[in-house]
Every structure is written in structure tokens, then in C-alpha cells.
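These are my notebook entries on the structure shown below.

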Amino acid sequence: MDAFTTHTGTAVPLRRSNVDTDQIIPAVWLKQVSRTGFENGLFAAWREDPGFVLNDPAYQGASILVSGPDFGTGSSREHAVWALQQYGFRVVIAARFGDIFRNNSTKMGLLPVVLPGEKVEALQAAVEADPSLQVTVDLEGREVRWAGEAVGFEIDDYTRWRLMEGLDDIGLTLRHADDVAAYENERQPWLPTTV
Amino acid sequence: MGRTLAEKVWEQHVVRRADGEPDLLYIDLHLIHEVTSPQAFDGLRLAGRKVRRPDLTIATEDHNVPTVLGPIADPVSKTQVETLRKNAAEFGIRLHPMGDAGQGVVHIIGPQFGLTQPGMTIVCGDSHTSTHGAFGGIAFGIGTSEVEHVLATQTLPAYRPKTMAIEVSGELPVGVTAKDLILAIIAKIGTGGGQGYIVEYRGEAVRKLSMEGRMTVCNMSIEAGARAGMIAPDETTFAYLKGRPHAPSGELWDQAVEYWSSLRTDDDAVFDKVVEIDASTLTPYVTWGTNPGQGLPLDASVPDPASFTDPIARSAAERALEYMGLTAGTPLREIEVDTVFVGSCTNGRIEDLRSAAEILRGRQVKTRTLIVPGSMLVKLQAEQEGLHEVFKAAGAEWREAGCSMCLGMNPDTLQPGERSASTSNRNFEGRQGKGGRTHLVSPQVAAATAVTGRLTAPADL
């Protein structure tokens, strides 16, 4: 995955709550067996409405999505993360995220940023007032900045380090293959196998 | 200080723990299906990696499969299923393909084979993996990157979630089911209420649930935002497991039961959060909106968005009513449906089919009604009990096993504007087909609704 340190770009306000992953990428798109080509499926049903915010020319080229609370709830489909990234988003900001979506994002280098609800709304209002507003998401400094505002966010040290280095989890785990083998020797004898 | 059930199971599976890092957790069972695995297998091939433990991995075809006999007509779905077959063969993974006696929805087949046992860690690239927690293990959904990680290492790096107890006191009244209980819980704590937690369902009403009912409850933990839900194993659990193909036998059975019996929250353990609910006050529940937290007793009416004080909940309700084509103040019982669906990993087990059959026996359905067994073994058992004859005599369609109308990935879908009463788990916009409108209900309410054509409780018939 690509390393993430700091990103500056324009943002798009999505004033909806409970944006489930079925909306982010509808199920018909999940039949693909590749990892690419999901940008056209992003919010596919909602984008059919000309009034949907992603269709507003003012927000074209935005790379930061600022959503209402409980973004990415529901299905575990990582395709939601791929669709957002392939459409051009590097960051999603919301007051709360679905756990699986949040986890999937950090595996792929899409940064989920949790800000307090009132700060999310302030940012949405600022972007609506000026869609060209430059927003900086500073992972190293754990801070989102726009127009003189600076709001801190929390992220655990390990995930932050992994994102900043762009590290592949599997490679990290394989360094501990001996520990895994040792654990396997001690597993309870009645545990089932599928063979 | 004592430990919770979740803490006991978690600690048992920690392979490696280091300061400032997530625990490395061993995974006892990895379930695979066709939708979330192809890119993971590609990743393995690209890196030249193998599946570490094919013997702890099992695959089935469920999301894409048609529930009428015959080949898959959609070429894209067909390719996805064929890709799973190729991957399973190449990496040496047991697969139950369409037409196989063991095929079925991934969360139905694990328990029926006895592969789902107390105290295990179980993952799958599917959020309803929480189902398996009904046996007292930690089971949760993962994304495709993590599927690849588990295939390659049989482990996952993870921080232990906080613990939540949902204490269900009292007894469920007659006609009120596990589905009603979990819909009421989600309505109470909201779709984000469980975020960051493993939920343990406890209390008298939970102890009295069958394994099927417990699976229904744990299945929908994710709809409350919790990645995992669990119920301590007891005699009901052991009785369900005994004699199943992959359950231990002989001396190992006795050893296992001794260990499993220790898997309960200690009296002096402390949960990070406790939620209490009185089962005796519950009635059949139904959703009116577009997320599973937007539910009410069937006795209620479509809510007025203005009645929500939180502006976010208010605008969500406004949007939901518009999408659902509903008017505030309409009694829920007056809502007419076009389709009834009984099935899915939430309510596609034998007990669910029995309870729907009990209501449909000797009656006629007024709407298109799909009865879809969760697995081929459930189908076989239902047919041995003659349930299929009951359904067919009532005018319902008796189908092959699969995810069916739970999600819009196979031919079973709603048309735009169509409305269903569905025993599945999600009423999201377009979940059952673009423009489709979903009301989540129990199998009993689904069957009664099929008879009248509008949302109905069995007691109304």
C-alpha cells in the first residue's frame, strides 16, 4: 500500500448518517474478481440523482470525504474501500465509523479520521461555503487543519506507523512465523479440522 | 479480578503480545465464500505464498447461487464461482459447491458440521460471521486484505475490543422470538451502539433460547455495530454439538466439555458497558426504515420524523420514509407487501422453517413467498419432515439453498418500488435489489404477513 504522511486537498461534504457499505458499493459490483475498476460503482445508486453532492461540479477532484456519523456500517466488503480510493479519495472524516470498514481502510492506506461531530459539521459548513477550501490531514501530527482551524484526532501508534511506512501486514506477521508454529504445537487436541 | 467470557477466549488465542502493538491472534477456523476471496488468493499468488492451514479452512458457494435448479445464468456470477473452484483446488481447500449435499450459506454450514465449537476464534470475509459466537467463541467478519492475511498466516493482528454485556431478564412472551429480541436490542442501542465492543448476551431469556435462536441473535450483532456477539456455552450448546461430524468424540468429548464448561464470565468480572432489557415486555418487532436500528413493535405506527430530537436521527428518518414510500402515522399493520422472504444466515435454519410452516399449514399466501433453506442439509431435513409440502400447498415457492433475497447478488431480487417482509438482516436502501423496500421481521411474522398481504403477527390471524 502507498505510504501516508500528510495529505492536502479539497473536500466534499456528505450530509448523511449511517452510510452503509451497500450504498458505498452496491452488491452487483461485488461480482468482480479483480481489485480494480470499482470507481464507477462508488455510490452508484445515489449518483443517479443529479442533485447528489458527488455530481456537483464544485466538488470535482475532491480527495477528502467528510461524512455524517456511522460511515461504513454493515457488510465487510473491502470493495467499499477500493471504490473510494479508486474514485480519488485518500481520507474519510466522520464522527463514527463501522469497525470493519475502519479496519479495512487502514489495511489499504485509506485514512479514516474520527473527529467530534460538531467539528465534522463545522468542516462540512466550511467546505460548503468554499468548495475550493484546502484541507490538510496530517497523520504524523495527528491533526486536521483548514482555514485557521486545527483539530487533533486519535490513532494508535502502531497503525499510524504502519500507514506512514506503507507496510504490508502479512510481511510483518511472517517475521513471527516461529511464534505461530510454537502456538500451533500447544493447541487443544479436540479442536476440529476441516479434512 | 475475574474475566469475561470474551477475555478468556481472546487470551487463549494470543500468539504474540508486544508493547505498543496489536495482539497476534490465532484463528481456529476460516470460512470462505466466492465474493470476498478471489482478490485474496490473487494476492497470495502474486507474493508466492501458500495457505498455511488449508485444514482449518472451508469454502462454500452461497452469495451468487440461484435458488432454482440449473446453471448460473449471469456470466459475471459464474466467473466468480468458478474462480473459487479454481482457487480451492489450487490451494487444497475443502469446497462445497452448488449441488453438493453439504453446500449452503457459509454461516449455516459451519455449525451444522460441528466445525463451530465453544471457545474458538472464527473469521470469514462476511460481517455475519458473528453468528458463530452463539457457541461461545469469538467470531467476526473481516475484509479481503485480512482474508489474505489469515490464509497466509492463520493469524490476525488485532486489538481486543471492549466488552459489553446485554442482560436480557425475564422470559420472551409466547409468539415473540429471538429475531424480535435482537431487533429490539438494535432499536435500543442503535446501529453504532456496539462499535468497538464484543457483546455478550446474557440472562434468563438468552439461556432459554435454542441454538438456532442464539445464532439469530448473534448474527445481527453487527447490525448494532458490534463485530462480535457471544453467548456462554451450556447444556443446550453441548446437546446441539454432540454427534455432529466434526465434534469431538469419546475421551476428547469429555475433555472438551470440561473446558467448555469453564467458558463463562466470572461473577466478579467487570464489563466496560452493560445494557439491560426486559424480555417479558417485548412484542413482535418490525423495521420501518433503512437501517436495522429503525425498528418498532408491530403495534406501533410509522414514526413522525419531527418526533426525533436529534437532528441527525430526524433527517435520517425523513430520508428513510421518502425511500420507503411511507407516511408518518400509518399503522405498521396497514403496510402492504409484494414479497415475503424466509431464509438467510439470520433465519434460514430448520427451526425457522418449522415455525413458518406451522403458520402456513392449511392457509394460503396472498403474496409471492420465497422459502429458502439455509443449506442443502436444512432442505433435506425440512423435506423429511414434510415442511416443503406445507409450503407448496400454501402457494409458497420452495427453493434450493443460498443467500437468495438477503442481498442483490443473485436472481432473487425485488424490483424498484417493491416491498418485502424479510427474515434477513439488512433493510438498507437497495439491499434486496435496486429501489426495493425491506421490512425486517421474524419467520413467524413473515409467514403471517404472507397470508394477509400486509405486516401481520401470527396472533392476528
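**Entry 1: contact between the chains**

I find 66 residues of chain B in contact with 48 residues of chain A, two residues being in contact if their C-beta atoms, placed from the backbone, lie within 7 Å. Helix H5 (residues 144–153) of chain B gives the largest share of the side of chain B that touches chain A, seven residues. By class, I note 22 nonpolar, 31 polar and 13 charged residues on that side of chain B. Here Ala, Val, Leu, Ile, Met, Phe, Trp, Tyr, Cys and Pro count as nonpolar, Asp, Glu, Lys and Arg as charged, and the others, Gly among them, as polar. Helices (H or I, at least four residues) and strands (E, at least two) are DSSP runs, numbered from the N terminus.

I record that this is a predicted model, in which local features need pLDDT of at least 70 and side-chain atom pairs count only at pLDDT 80 or more, while totals for chains, interfaces and linings use all residues. Residues are numbered from 1 along each chain as its sequence is written, and chains are lettered from A and ligands numbered from 1 in the order in which they are written.

**Entry 2: the sheet in chain A**

I looked up an open sheet of four strands in chain A, with the order S2-S3-S4-S5 and parallel pairing; two strands pair if DSSP finds at least two bridges between them. Strand S2 (11–14) and strand S5 (111–114) of chain A each have a single partner strand, so one side of each is left without a neighbour in the sheet. On average, neighbouring strands of this sheet are turned by 20° against each other, direction ignored. S2(A) runs parallel to strand S3 (residues 64–67) of chain A, and four bridges join them. Within S3(A), Val66(A) stands opposite Pro13(A).

**Entry 3: the sheet in chain B**

In chain B I find an open sheet of four strands in the order S11-S10-S9-S12, with parallel pairing. At its edges stand strand S11 (228–230) and strand S12 (273–278) of chain B. Strand S9 (residues 162–169) and strand S10 (residues 197–202) of chain B run parallel and are joined by six bridges. Which residue of S10(B) is the bridge partner of Lys162(B)? I read Tyr197(B).

Helix H1 (residues 5–12) of chain B lies across S9, S10 and S11 of chain B, at about 125° to S10(B). Helix H6 (residues 178–189) of chain B lies across S9 and S12 of chain B, at about 130° to S12(B). Axes are lines fitted to C-alpha atoms, for helices over the stretch in contact, and angles run from 0 to 180 degrees between N-to-C directions.

**Entry 4: a helix pair in chain B**

I looked up helix H13 (residues 350–360) and helix H15 (residues 387–394) of chain B, which pack at an angle of about 45°, with their axes 9 Å apart. Leu353(B), Arg354(B), Ala357(B) and Leu360(B) in H13(B) meet Leu387(B), Val390(B), Phe391(B) and Ala394(B) in H15(B). This contact has seven nonpolar, no polar and one charged residues.

**Entry 5: Ala401(B)**

Is Ala401(B) buried or exposed? I find Ala401(B) buried, with 28 other C-beta atoms within 10 Å; a residue is buried if 20 or more lie within that distance, exposed if 12 or fewer, and partly exposed in between. Ala401(B) is in the loop between strand S17 (397–398) and strand S18 (419–422) of chain B. Its C-alpha atom is separated by 9.1 Å from that of Ser344(B), 57 residues apart along the chain.
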